[in-house]
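Here are my notes from going through the model you sent over. Have it open while you read, and jump around as you like.

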Amino acid sequence: MAQATSFTLLALLYLNSGGLGQDIFGILPQGAIGPIGNKKLFISRVGQCVGKKNLPVYVPDMRIATYNRTAYVVSGEVHFREDILNGYRLSVTVRKCDDIRATIGCRPFLNNIANTDGCALLSAKSAMYHVYLRNFRPELQCPFRNGTYVMGETLVDDGLVKYLPGSGRTFWEVRMTGRIKERMMFCVVMQLNVRPKKKQSNVGLF
């Protein structure tokens, strides 16, 4: 399938790792975390933040494609326009939206929920997001060299559903930024929605 984006997916799963083995979603309000149950995660966009196309790291919109009747895959690219030899700090902001087509009305949900060593997160092989990282070629690890990193088609994991309260009409916008000192190196936005799973009819599950 056509290429698209990939650092976004990495960023997406950064959410589930917080800092050095801790779940940054552990600070969500009581009751926000629950079982996956009959919910499914849908990603509508992963790509560069608006107005940030000239940053050292550029992430074109990720390709999101149907895999079968019950699942879909994402694939994409990350373009490093320069070598990044030093560590960077990752920060994440989450906004809650009633309509993802009108993000101007989104409301802050969690700000700066992560401010941690991005290279350490990449090296955590047992973390949930590693399923996405292992599909990058070349391997996505510090230090980064000028060039393009490509992520092959990867089945979307519904595991993050348990961290996102609400279902159906509630949309979420997750913004992930990386900085070296005060210089912004990358900015990725992910838009997603949690919906009830459709009933299965003799279709294999993954």
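The points below cover a strand and its partners, then salt bridges, then aromatic rings.

1. Before anything else, keep in mind that this is a predicted model. The contacts I list come from its coordinates, so to speak, and should be read as features of a prediction.

2. I'd start with strand β11, which spans residues 183-196. How many of its 14 residues are buried? The count is 11, so the strand is mostly covered, going by the cut-off of under 20% relative accessible area for buried.

3. Strand β11 has a partner in β1 (residues 39-48), and the two run antiparallel over nine bridges. If you want a landmark for that pairing, look at valine 46, which stands opposite methionine 190 in β11. There is also a side-chain contact to look at: the charged end of arginine 195 sits over the ring of phenylalanine 42, 4.1 Å from the ring centre.

4. Strand β10 (residues 171-180) also pairs with β11, again in the antiparallel sense, over 10 bridges. Here the landmark is glutamate 173, opposite glutamine 191 in β11. The two strands form a hairpin with two residues between them, and lysine 181 in that hairpin takes a positive phi near 55°.

5. On to charges. Side chains of opposite charge can pair when their charged atoms come close. Searching the whole structure turns up five salt bridges, and I'll go through some of them.

6. Glutamate 173 comes up again here, in a salt bridge with arginine 95 whose closest N and O atoms are 2.7 Å apart. Because arginine 95 lies in strand β5 and glutamate 173 in strand β10, this pair ties together parts 78 residues apart in sequence. Is glutamate 173 buried or exposed? It is buried, with a relative accessible area of 8%, while arginine 95 is partly exposed at 24%.

7. Another salt bridge joins glutamate 82 and arginine 183, with 3.1 Å between the closest N and O atoms. This one links distant parts of the chain: glutamate 82 is in the loop between β4 (72-80) and β5 (89-97), arginine 183 is in strand β11, and they are 101 residues apart. Both ends are partly exposed, glutamate 82 at 27% relative accessibility and arginine 183 at 43%.

8. Arginine 107 and aspartate 98 make a salt bridge too, their closest N and O atoms being 3.1 Å apart. Arginine 107 counts as partly exposed at 35% relative accessibility, whereas aspartate 98 counts as exposed at 55%.

9. Now the rings. The whole-structure search gives seven aromatic pairs. One of them is tyrosine 88 with phenylalanine 144: the centres are 6.3 Å apart and the planes meet at 45°, so the pair is tilted. Tyrosine 88 sits in the loop between β4 and β5, and phenylalanine 144 in the loop between β8 (136-137) and β9 (147-155), so the pair ties together parts 56 residues apart in sequence. Tyrosine 88 is buried at 3% relative accessible area, and phenylalanine 144 is buried at 1%.

10. Phenylalanine 144 also pairs with tyrosine 149, with centres 6.2 Å apart and planes at 80°, so that pair is edge-to-face. Both of these residues are buried. Zooming out, ring pairs join Phe80, Tyr88, Phe144, Tyr149 and Phe186 into a cluster.

Conventions
Residues are numbered from 1 along each chain as its sequence is written. This is a predicted model: local features need pLDDT of at least 70, side-chain atom pairs count only at pLDDT 80 or more; totals for chains, interfaces and linings use all residues. Side-chain values use heavy atoms; hydrogens and water are left out. Buried means under 20% relative accessible area, exposed over 50%, partly exposed in between (1.4 Å probe, protein chains only). Helices (H or I, at least four residues) and strands (E, at least two) are DSSP runs, numbered from the N terminus. Two strands pair if DSSP finds at least two bridges between them. A salt bridge is a side-chain nitrogen of Lys or Arg within 4 Å of a carboxyl oxygen of Asp or Glu. Rings of Phe, Tyr and Trp (its six-membered ring) pair if their centres lie within 6.5 Å; planes under 30 degrees apart count as stacked, over 60 as edge-to-face and the rest as tilted. A charge sits over a ring if NZ of Lys or CZ of Arg is within 6 Å of the ring centre and within 35 degrees of the ring normal.
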